[in-house]
Amino acid sequence: MDKNISFEKGKEELINEIEKRVADKIIERSNADLIIKLINNSDSLSEAINIAQLGTTYKRTGFHFDKRLEKMDNTIKYFKKNQELSFNNSDSALTHKLIIGDNYDALLNLLVEYRNKIDVIYIDPPYGKDSMGEFAETNYDNAITRDNLLSMLYPRLELAKQLLNKDTGVILCSIDDKNQSYVKCLFDEIFGEAGFLFAAPRITKKGGKSTSTIQKNHDYIIAYAMPRNEIIFSMDDMDSSDYNLEDEYVDKRGKYKVTQCLDYDSLSYSQSLDYPIELNGQTLYPGGDYEKYKERKAGKYKKSDWAWRWSKEKFNYGLKKGFIVVKTGRDGKPRIYTKTYLNCSLEKDNTGGFYIKYTDKAGKYYTTLSFMENDCSNDYGKKELDKIFNNSNDLFKNPKPVTLISKLIKMSCSKVDAVVLDFFAGSGTTAQSVLELNKEDNGNRKFILCTNNEITDINPNGIAYDVTSKRLKRIMTGECYDGNKDFDWIKNNEPYGDNLDVYEIEKVANSESTKDKTPFDVIDETLYGKEKFDNIKDKIEWVCNNFEHTQKNIESDEVWHERMGD
Ligand SMILES: C[S@@+](CC[C@H](N)C(=O)[O-])C[C@H]1O[C@@H](n2cnc3c(N)ncnc32)[C@H](O)[C@@H]1O
């Protein structure tokens, strides 16, 4: 506020500000009235300003970081096929993609062919070195601070959003505990809080050395869908081989098994679950012994003692609905069992009664604890890579396990021809997960991987050449690039088959015209799913629209945000 304005005018402005906040429902009428009274009674403008601040200043929550723009040069980046690393198992097989290079350029290029066409994106970005997580000291020489991490992710996620299928697309991101809250804010910013699906813990390792601080055994997976879309998660498979009995309800309830007795030696005995059951003219007691039952009821029970698993109400409902079976035990005494059906279960309703809950498919729902099973841990990931590289010897630190990523893909997309993208692909686990899922359900999912060729001490040619492409060659064809077949994985596994196109990201100056070649000559349109153009005019138009133009659009904030709003 201008300090030279008159006291009366100043008070009037302050009061207007307060009124505005009442209209905006930021402060209550009664609070505003009190503040206005105090302003009117104040002796000086500075006193009035201080009082007004009671109603006009408030702390906002928000997300801020030092955003750095991606470096752009005057070149067009485009895909060039690496013929030596690409392979073709069969012309009728699926063809997947591995792109070697920075994912910013890769994502821009993918927009040409895949805008709104990607079903699932899984990423596992590097966290950086600066004490930013347990795995920060791994293979990331490109030390990045948190601001850099967020700056790096920001435009990439904006591009990823444009690639995702608008209706059913899901993006999942692995992230450590230190960074997950920041990365989640970034996702909120880009996909909107309405797009948030879950943040689930994922087991990293089971045990660990006991240290003076708490042992950290999990990281996170955060998941977002395109805003406003209700994503229906698929269910996890269930081993149904032991469901081999059927009754008159089989059409609706599916087959059942009878493996659970109604009574058990409960760890925390409860009097209300210890009651007599009258059945077929007999009276049955938990544990089958009337004398012991009497003792318990007389107060002589242990903390852990016999009881039924179901309350009296649930038992009566289950009996009426055919969920109860009586069998004769080895001692000749009757024993009560409950049926477990494939497609339904008994559930409690809101009124305390019970009902039969049907599921449309045999399976169990995923929960946010579904990734805490051992086969989702780093150990598994390492063992899998060891088999492909005959003891990978830290060739790649902490690859994710196949089970983790296949679970994520399967739960978030029921399409068996889904297109799955991972633009921080590292050792290529996402590819193996897609291939494994296709093997399991005869699916036709395709993967697109992108990873830069990070050079490490142990990978002098870079991760993409030393690990990613080699892993894919071995598991898809059953042999190494040099024809060698001496690796453990192939002893117990069939190669997955399918074809792989490997691309490098090349650049050409916008103004290139050397050796009689223009940018239009060097970009091969067939690599973008197009037929070769008959005439150069059409090709020039296509290149301008999809390359220079795309890059300019993305870099210009205004157009960018307009685009985001559509
Ligand atoms: C945490 S690792 C991913 C591991 C992977 N999930 C696996 O199971 O093997 C991240 C990978 O992203 C790569 N990377 C980092 N920055 C990148 C960028 N800008 N473009 C492409 N890849 C990048 C790193 O080289 C590293 O291999």
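**Note on the predicted model: sheets, cores and ligand shell**

1. Three strands make up an open sheet, ordered E8-E14-E13, in which the pairing is antiparallel; here strands (E, at least two residues) and helices (H or I, at least four) are DSSP runs numbered from the N terminus, and two strands pair if DSSP finds at least two bridges between them. Strand E8 (256–261) and strand E13 (324–328) stand at the edges, each with a single partner strand, so one side of each has no neighbour in the sheet. From one strand to the next the twist averages 45°, where axes are lines fitted to C-alpha atoms, for helices over the stretch in contact, and angles run from 0 to 180 degrees between N-to-C directions. E13 and strand E14 (residues 334–341) run antiparallel and are joined by 5 bridges, with Thr328 having Pro334 in E14 as its bridge partner.

2. On provenance, this is a predicted model, in which local features need pLDDT of at least 70 and side-chain atom pairs count only at pLDDT 80 or more, while totals for chains, interfaces and linings use all residues. Residues are numbered from 1 along each chain as its sequence is written.

3. For the protein chain as a whole, the secondary structure comes to 17 helices and 20 strands. Of its 566 residues, 34% count as buried, a residue being buried if 20 or more other C-beta atoms lie within 10 Å of its own, exposed if 12 or fewer, and partly exposed in between, with C-beta atoms placed from the backbone. Among contacts with a separation of 6 or more, 70% are between residues 24 or more positions apart, two residues being in contact if their C-beta atoms, placed from the backbone, lie within 7 Å.

4. Another open sheet is formed by 9 strands in the order E1-E20-E2-E19-E18-E3-E4-E6-E5, with mixed pairing. Its edges are strand E1 (75–81) and strand E5 (196–203), each with a single partner strand, so one side of each is left without a neighbour in the sheet. Neighbouring strands of this sheet are turned by 20° against each other on average, direction ignored.

5. Within that sheet, strand E3 (residues 120–123) is covered on both faces, with Val120 and Tyr122 on one side and Ile121 and Ile123 on the other, all of them buried. E3 pairs with strand E4 (residues 170–175) in the parallel sense over 4 bridges; Tyr122 stands opposite Leu172 in E4, and Ile121 has Ile171 in E4 as its bridge partner. E3 also runs parallel to strand E18 (residues 419–422), to which 2 bridges join it, and Val120 stands opposite Val420 in E18.

6. Helix H11 (residues 402–412) packs on this sheet, touching E3, E4, E5, strand E6 (218–225) and E18, and its direction makes about 150° with that of E3. The helix is mostly covered, 11 of its 11 residues being buried, and these include Lys407 and Lys410 as well as Leu404, Ile405 and Leu408.

7. The largest nonpolar core has 92 residues, of which Ile99, Leu107, Ile121, Leu163 and Val420 touch the most other members; such a core is a set of buried Ala, Val, Leu, Ile, Met, Phe, Trp, Tyr and Cys residues joined through C-beta atoms within 7 Å. A second, separate core of 12 residues includes Leu273, Trp308, Trp310 and Phe315. Leaving aside neighbours within four places in sequence, Leu163 is in contact with Leu107, Leu110, Leu111, Tyr114, Arg115, Ile118 and Leu421.

8. Around the ligand there are 16 residues, of which Asn103, Asp124, Gly426, Ser427 and Thr429 come nearest; a residue is near a molecule if its C-beta atom, placed from the backbone, lies within 6 Å of it. This shell divides into 6 nonpolar, 6 polar and 4 charged residues, where Ala, Val, Leu, Ile, Met, Phe, Trp, Tyr, Cys and Pro count as nonpolar, Asp, Glu, Lys and Arg as charged, and the others, Gly among them, as polar.

9. Two backbone values deserve a look. Asn280, in the loop between strand E10 (277–279) and strand E11 (282–284), has phi near 50°, a positive value in a residue other than glycine; Asn280 is exposed, with 7 other C-beta atoms within 10 Å. Asp498, in the loop between helix H14 (489–492) and strand E20 (499–509), has phi near 70°, again a positive value in a residue other than glycine, but Asp498 is buried, with 24 other C-beta atoms within 10 Å.
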